[in-house]
Amino acid sequence: MRHADIERASAAPGRDASQERKTPRIFYRLAKARDGADQAEVFHHAVMQGAMAYYSQEAREAWASVLPRDGSAWVVRQALYTTLVASCDGRCVGFLELDLRRQHVESLYVWPSLARRGIGSTLLVHAERLLVEQGADRVDIAASLVLADSLESRGWRRVREEWVERGGQRLRRRILEKSLVAVET
């Protein structure tokens, strides 16, 4: 898939109009500067609300304070990473930062009320396709406990578990990797 192929609607063909109104339409595309403020909010809420069952309040506050709640900082990160966005009604509701050179997913966050609906999985599919286009044979991620079990159930392999320090708090995460090479049978 080329960068131009990323944008697509998630609504399935054949749905009637009443179903379309109930199901938000999610579009996937490369990030734009205007997404920076939304990315900051998605990150903050995903950490503070979405990770509530996995990390203490102190740990989540330390984690959330590592990256500013300022859109301009996230726009700068767009220059460092290939950033894919899930958009609904013109607003970023999820994003993935990809380091193509290192074959590494730097971050993946989805608005908490939209979690577990396939948005993060779809962002990962697009990232994997971009990596394959670049000739990559694998991808890795330092996954929080929020994401790790889900990724492992989808074929990611645990490399190791580690602790990372954020603002004086220790947070557990898993280093996972996935092969992007099809296995011949």
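These notebook entries record what I looked up in a predicted model of one protein.

**Entry 1: ground rules.** I number residues from 1 along each chain as its sequence is written. Because the model is predicted, local features need pLDDT of at least 70 and side-chain atom pairs count only at pLDDT 80 or more, while totals for chains, interfaces and linings use all residues; side-chain values use heavy atoms, without hydrogens and water.

**Entry 2: confidence.** I looked up pLDDT, the predictor's confidence in each residue, from 0 to 100. Its mean for the protein is 88, and 85% of the residues reach 70 or more. Over residues 1–20 pLDDT stays under 50. Where pLDDT is low, the predicted coordinates should not be read in detail.

**Entry 3: overall layout.** I counted helices (DSSP runs of H or I, at least four residues) and strands (runs of E, at least two), both numbered from the N terminus. The protein has six helices and seven strands, and along the sequence they follow the pattern α-β-α-α-α-β-β-β-α-β-α-β-β. Of the 185 residues, 45% are buried; buried means under 20% relative accessible area, exposed over 50%, and partly exposed in between, with a 1.4 Å probe and protein chains only. Contact means heavy atoms within 4.5 Å. Among contacts between residues at least 6 apart in sequence, 61% join residues at least 24 apart.

**Entry 4: the sheet.** I take two strands as paired if DSSP finds at least two bridges between them. The seven strands form an open sheet in the order 1-2-3-4-5-7-6, with mixed pairing. Its edge strands are strand 1 and strand 6 (157–166), each pairing on one side only. From one strand to the next the twist averages 25°. Strand 4 and strand 5 (residues 138–144) run parallel and are joined by two bridges; Val105 stands opposite Ile141 in strand 5.

**Entry 5: strand 2.** I then turned to strand 2 (residues 82–88), where seven of seven residues are buried. Thr82, Leu84, Ala86 and Cys88 point one way, whereas Thr83, Val85 and Ser87 point the other way. Strand 1 (residues 27–30) runs antiparallel to strand 2 and is joined to strand 2 by four bridges; Arg29 has Val85 as its bridge partner. Strand 3 (residues 91–99) also pairs with strand 2 in the antiparallel sense, over seven bridges, and Cys88 stands opposite Arg91. Strand 2 and strand 3 form a hairpin with two residues between them, and Asp89 in the turn has a positive phi of about 55°.

**Entry 6: Thr83.** Is Thr83 buried or exposed? Thr83 is buried, because its relative accessible area is 4%.

Entry 7: I examined helix 2 (residues 36–50), which has 15 residues and reaches 20 Å from its first C-alpha to its last. That is close to the 21 Å expected at 1.5 Å a residue, the expected span being 1.5 Å times one less than the number of residues. Its buried residues include Asp38, Gln39, Phe43 and His45. Among the elements that cover the buried residues of helix 2 are helix 3 (57–65) and helix 4 (71–80). Helix 2 lies across strand 2, strand 3 and strand 4, at about 90° to strand 3. Helix 4 lies across strand 2, strand 3 and strand 4, at about 40° to strand 3. Axes here are lines fitted to C-alpha atoms, for helices over the stretch in contact, and angles run from 0 to 180 degrees between N-to-C directions.
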